[in-house]
Amino acid sequence: MTIQWFPGHMTRAKREIEERLKVVDMVIECRDSRIPESSVNPLLKSLTINKPRLIILTKRDKADPDITAAWIKALSDENTQVLALDLFNDDVRTKIVDGCKRVMKPKFDRWLAKGVRPRKIRAMVLGIPNVGKSTLINQLGKKKVMVTADRPGVTMALKWASVHPELDLLDTPGVLWPKFDDKTVAMNLALTGAIKDDVLPLEDVAFTAYSFLRNFYPGRLEKRYELEVVEDPIVFFNNLAAKRSYLKSGEADLQRAMATLVREMRQDEFGAITLERPA
Ligand SMILES: Nc1nc2c(ncn2[C@@H]2O[C@H](COP(=O)(O)OP(=O)(O)O)[C@@H](O)[C@H]2O)c(=O)[nH]1
Ligand SMILES: [Mg+2]
């Protein structure tokens with residue numbers, strides 16, 4: 001599912017998120033483990049600057065575990081906890097509730113010191129499309145109870161899901177647009193399947209995919225196709241077309257060879273890979 005973003009949508013999305021941030025204690029920010037930098041909206045940082053954060057690196061199962069560990073370190077700070085999750089196979093509910101409690105502990109400790117008893121944590125899920133927000137909310141809310149908020153100062157009707165005795169969640173996530181005006185970001189989004197095939201020229205995507213695999217995972221590339229990993233992508237795609245008998249009017253069908261590599265990369269045929277490393 002691809003959302004078309006227009007300036008009007010952007011303004012509204014931003015305003016809605018600002019409004020809803022006022023009523024939450026903290027944010028649960030979803031990013032794709034394979035592209036932890038490219039899968040954020042640049043506005044998010046300024047919007048949520050003072051909110052404690054739990055960053056969820058989703059799709060842990062698709063990413064390189066060593067690089068994910070490096071990202072967890074790089075993104076953590078006193079205001080931010082980071083968790084990498086396979087949203088379908090990990091114990092999402094326990095891990096997220098525990099993560100939220102760790103994030104809120106300093107604030108709740110301050111309250112306790114003043115004699116104020118901590119209440120349920122109020123959080124909202126944020127992220128660009130396709131990072132797993134809906135999946136996360138579904139997993140968290142398996143036994144959910146909907147409560148409609150009637151809190152002063154809230155103009156929109158907010159629905160809270162009581163997902164745990166210690167956690168209330170706004171029932172719909174905040175969705176921001178990706179940084180698609182940045183070429184590298186757009187490429188990373190295309191390679192992970194977050195944006196549609198036809199947004200970028202196939203040749204650009206395929207060449208980028210090839211040079212990335214050649215640089216970082218040459219053994220996997222060679223093993224999958226039983227072809228020599230040569231420097232020139234054109235030569236490689238020619239060899240792939242020949243090997244697979246991809247022909248078009250008697251000639252090697254390069255387009256088909258390129259489409260094959262891109263599709264197979266998106267389908268995780270090269271195993272768990274991460275496209276971005278922390279600086
Ligand atoms: N393998 C894997 N796929 C995931 C994970 N989380 C989400 N997905 C898939 O990623 C796609 C986008 O997820 P969705 O929850 O709709 O993202 P949203 O647009 O942020 O709400 C769906 O096809 C999900 O099944 C995960 O942890 N692992
Ligand atoms: Mg969704």
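Colleague: In which loop is the place of N41?

Modeller: This is a predicted model, and everything said here about positions is computed from it. Strand β1 covers residues 26-32 and helix α2 covers residues 42-47, and the place of N41 is in the loop between β1 and α2.

Colleague: Is N41 buried or exposed?

Modeller: The relative accessible area of N41 is 4%, and a residue counts as buried when this value is under 20%. N41 is therefore buried.

Colleague: Which residues does N41 touch, leaving aside those up to four places away in sequence, and which backbone oxygen lies 2.7 Å from a polar atom of its side chain?

Modeller: Not counting residues up to four places away in sequence, N41 touches I128, L176 and W177. The backbone oxygen that lies 2.7 Å from a polar atom of the side chain of N41 belongs to W177.

Colleague: How is the protein divided into domains, and how far apart are the C-alpha centres of domain 1 and domain 2?

Modeller: The division gives domain 1, which runs over residues 7-175, and domain 2, which runs over residues 201-266. The distance between the C-alpha centres of domain 1 and domain 2 is 39 Å.

Colleague: Where is the place of I121, and how far is its C-alpha atom from that of L167?

Modeller: The place of I121 is in strand β4, and with a relative accessible area of 3% I121 is buried. Among the residues that I121 touches are D25, M26, F108 and L167. I121 and L167 are 46 residues apart along the chain, and yet their C-alpha atoms are separated by 4.8 Å.

Colleague: In which helix is T68 found, and is T68 buried or exposed?

Modeller: T68 is found in helix α3, which covers residues 65-75. Leaving out residues up to four places away in sequence, T68 touches S33, L57, A63 and A84. Its relative accessible area is 5%, so T68 is buried.

Colleague: Which residues are the closest to ligand 1, and how much of the accessible area of ligand 1 does the protein cover?

Modeller: Ligand 1 is surrounded by 15 residues, of which the closest are D61, L87, N130, K133 and T135. A polar side-chain atom of K133 lies 2.6 Å from an oxygen atom of ligand 1, while a polar backbone atom of G132 is 3.0 Å from an oxygen atom of the ligand. On its own, ligand 1 has 580 Å² of accessible area, and the part of this that the protein covers is 74%.

Colleague: What is the phi of N130, and what is the phi of D268?

Modeller: Most residues other than glycine have a negative phi. N130 lies in the loop between β4 (121-127) and α5 (133-140), whereas D268 lies in the segment after α10 (254-266). Neither N130 nor D268 is a glycine, yet each has a positive phi. The phi of N130 is about 75 degrees, and that of D268 is about 65 degrees.

Colleague: How many helices and strands are there in the protein, and what share of its residues is buried?

Modeller: The C-alpha trace of the protein spans about 80 × 40 × 35 Å along its principal axes, and the protein has ten helices and ten strands. Of the 279 residues in the protein, the buried share is 48%.

Conventions
Residues are numbered from 1 along each chain as its sequence is written. Chains are lettered from A and ligands numbered from 1 in the order in which they are written. This is a predicted model: local features need pLDDT of at least 70, side-chain atom pairs count only at pLDDT 80 or more; totals for chains, interfaces and linings use all residues. Side-chain values use heavy atoms; hydrogens and water are left out. A residue is near a molecule or strand if one of its heavy atoms lies within 4 Å of it. A polar contact is a pair of N or O atoms within 3.5 Å; within protein, one must be able to donate a hydrogen and the other to accept it, and residues adjacent in sequence count only if both atoms are side-chain atoms. Accessible areas come from the Shrake-Rupley method with a 1.4 Å probe; for residues, only the protein chains shown count as cover. Helices (H or I, at least four residues) and strands (E, at least two) are DSSP runs, numbered from the N terminus. Buried means under 20% relative accessible area, exposed over 50%, partly exposed in between (1.4 Å probe, protein chains only). Contact means heavy atoms within 4.5 Å. Domain bounds come from an automatic or database domain assignment.
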